[in-house]
Amino acid sequence: MTSGFLLLIFATSLLLGICNGSTVGICYGRNADDLPTPDKAVDLIKNQNINYVRIYDSNIQVLKAFANTGIELMVGIPNSDLLPFSQFQSNADTWLKNSILPYYPATKITYITVGAEVTEAADNASSMVVPAMTNVYNALRKAGLHRKIKVSTTHSLGVLSRSYPPSAGAFNSKHAGFLKPLLEFLAEKHSPFLVNLYPYYAYRDSSNNVSLDYALFESSSEVIDPNTGLLYMNMFDAQIDSIYFALSGLNFKTIKVVVTETGWPSKGSAKETAATPENAQTYNTNLIRHVINNTGTPAKPGEELDVYIFSLFNENRKSGLDSERNWGLYYPDQTSVYNLDFTGKGTVDVNTGGNLTTLNGTSWCIASPNATESDLKNGLDWACSSGNVDCSPIQPSQPCFQPDSIASHASYAFNSYYQQNGATDIACSFGGTGMKTYQNPSYDNCLYMTAGSKKAAASNITTNATSSGQTEILLRGPYSCLLVIVFAMIHAL
């Protein structure tokens, strides 16, 4: 074997390890009557091509149902068990021996969550969390599984005292005694900070300050963080970044954030007017696309993000407002509340209720019909100069010159910039003059770039001449890891 080939094997294995990409999973709660058996629930999950599932206890029948499916499981230890787990190491050892080890590794358990949203609990549950986590971790270490199964606990956004603007994100000081040892544990054990995020509640409780479009990933204008200048197109990103800034403020900059619950209810009480099947479908569809595009957040661009949608079923035993019982994708009889594509490749026409797939879910960026001609011209000029867009197709005698209008030319240039820069929401902003569409704007011989086209792929590759005269390849965009592997193969051969 040549040294180049050995280098290729090493580089490929390394890159594959860091290019896993963001993931979307589902929360499988069972606080309901007449639910299907775990086997049938797992079939439903597999039919949706869902590979990541969160469950809230270690029910034996549920664990058995996931055996040999390849689905990665996050298993919960409820708050009611925190006391015995925190008091004695032997309790954690026994639980692991009886409830986890008999089913592992056939059932692919990758996380254990110890307690849930303890800062919201009425009792003093938070003081028991870190001791319980430590005992669970020690039990895993004895079994040789501490590197394969991560230990953490989940939080609500209420763990923060401030979340707006995101850069001012800060943990509530009244939880300092709980958070300091917790964050030290997570940093030392390389475990993530788990948080449940619900833009729905932010809109419901403050609709005068939060627009519905901003909560649903549908906003056409940005919210600017005055401290950083970062532009936010949706509430979800703003909430995640507020957590990252809070962690950074305590000097925990290496802890990854995982969203263990998010979603939108399909039905609510009389005053919960935004809880509709249409809004639930819109939020979750846009969420899935946003996550799997690997765009990250304004403060963490390109950062992988794992998200679990809440939830698989409507759960009628839950108390509170009607919305609490209507977060599910399915009714207990396994019929859909609304359609949702977990691959992110299809789009759903929520106005007609039917499925409308448009070129594998590809999106384009075009000029907004509400934009003024002067604003469009400014955006067009910027895209064709500083934006590094090839605007030759909209020059006279070229395929996209006609119709000879600012709006038409701006649409072509906006879309080219959008595709070249990862097809992110921010890349279609242009000061509010751009808008996303899922209908292909190409016409006649004028073909609009897509992220999968050769031209778009090429735009992610830039070559520079180094001072030594060699060519330096710069890669950007969501496919850069794959491109590195391709170039490594070429070089090795």
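Biologist: Where does serine 90 have its place in the chain?

Modeller: Serine 90 lies in helix α5, which covers residues 89-100. The model before us is predicted, and the values below were computed from it.

Biologist: Is serine 90 buried, partly exposed or exposed?

Modeller: A residue is called buried under 20% relative accessible area and exposed over 50%, with partly exposed in between. Serine 90 has 42% relative accessibility, so it counts as partly exposed.

Biologist: How far apart are serine 90 and valine 136, in sequence and in space?

Modeller: These two residues are separated by 46 residues in sequence, while their C-alpha atoms are 9.8 Å apart. A second example is leucine 197 with valine 307: they are 110 residues apart in sequence and 9.8 Å apart from C-alpha to C-alpha.

Biologist: Where is leucine 197, and which residues does it touch?

Modeller: Leucine 197 belongs to the loop between β8 (193-196) and α8. Its relative accessible area is 0%, so it is buried. Once residues up to four places away in sequence are set aside, leucine 197 touches Leu157, Phe236, Gln239, Ile240, Val259, Glu261, Thr262 and Gly263.

Biologist: How should I place such details within the whole chain?

Modeller: The chain has 15 helices and 16 strands. Of its 493 residues, 50% are buried. Among contacts between residues at least 6 apart in sequence, 68% join residues at least 24 apart.

Biologist: What surrounds asparagine 415?

Modeller: Asparagine 415 is part of helix α13, residues 406-420. With a relative accessible area of 0%, this asparagine is buried. Apart from neighbours within four places in sequence, its contacts are Trp364, Cys365, Tyr448 and Met449.

Biologist: How many aromatic pairs does the structure hold?

Modeller: There are 20 aromatic pairs. Take tryptophan 382 and tyrosine 417: their ring centres are 5.1 Å apart and their planes stand at 75°, so this pair is edge-to-face. The reasoning needs one cut-off, because planes over 60 degrees apart count as edge-to-face. Tryptophan 382 is in helix α12 (residues 373-384) and tyrosine 417 in helix α13, so the pair ties together parts 35 residues apart in sequence. Tryptophan 382 is partly exposed at 36% relative accessible area, whereas tyrosine 417 is buried at 19%.

Biologist: What arrangement do tyrosine 412 and tyrosine 448 form?

Modeller: They form an edge-to-face pair, with 5.5 Å from centre to centre and 75° between the planes. This pair links distant parts of the chain, 36 residues apart: tyrosine 412 is in helix α13, and tyrosine 448 is in the loop between β14 (434-437) and α14 (454-458). Tyrosine 412 is buried, with 5% relative accessible area; tyrosine 448 is also buried, at 8%.

Biologist: Which residues form an aromatic cluster?

Modeller: One cluster consists of Tyr198, Tyr200, Tyr201, Phe217, Phe236, Trp264, Tyr283, Phe310 and Trp327.

Biologist: Which ring lies below the charged end of lysine 300?

Modeller: The charged end of lysine 300 sits over the ring of tyrosine 244, 4.8 Å from the ring centre. Lysine 189 likewise lies over the face of tyrosine 137, at 4.8 Å from its ring centre.

Biologist: Which peptide bonds are cis, and which residues have a positive phi?

Modeller: Most residues other than glycine have a negative phi, and most peptide bonds are trans. A cis bond joins phenylalanine 310 and serine 311, with omega about 5°. Another cis bond runs from glutamine 402 to proline 403, where omega is near -5°. Asparagine 68 has a positive phi of about 60° and lies in the loop between α3 (60-65) and β3. At 69% relative accessibility, asparagine 68 counts as exposed. Asparagine 294 also has a positive phi of about 60°, but it is partly exposed, at 23%.

Note on methods
Residues numbered from 1 in each chain as written. Predicted model: local features only at pLDDT ≥ 70, side-chain atom pairs only at ≥ 80, totals over all residues. Heavy atoms only, no water. Helix = DSSP H or I, 4+ residues; strand = E, 2+ residues; numbered from the N terminus. Buried < 20%, exposed > 50% of the residue type's maximum accessible area, 1.4 Å probe, protein only. Contact = heavy atoms within 4.5 Å. Phe/Tyr/Trp six-rings, centres within 6.5 Å; stacked < 30°, edge-to-face > 60°. Lys NZ or Arg CZ within 6 Å of the ring centre and 35° of its normal.
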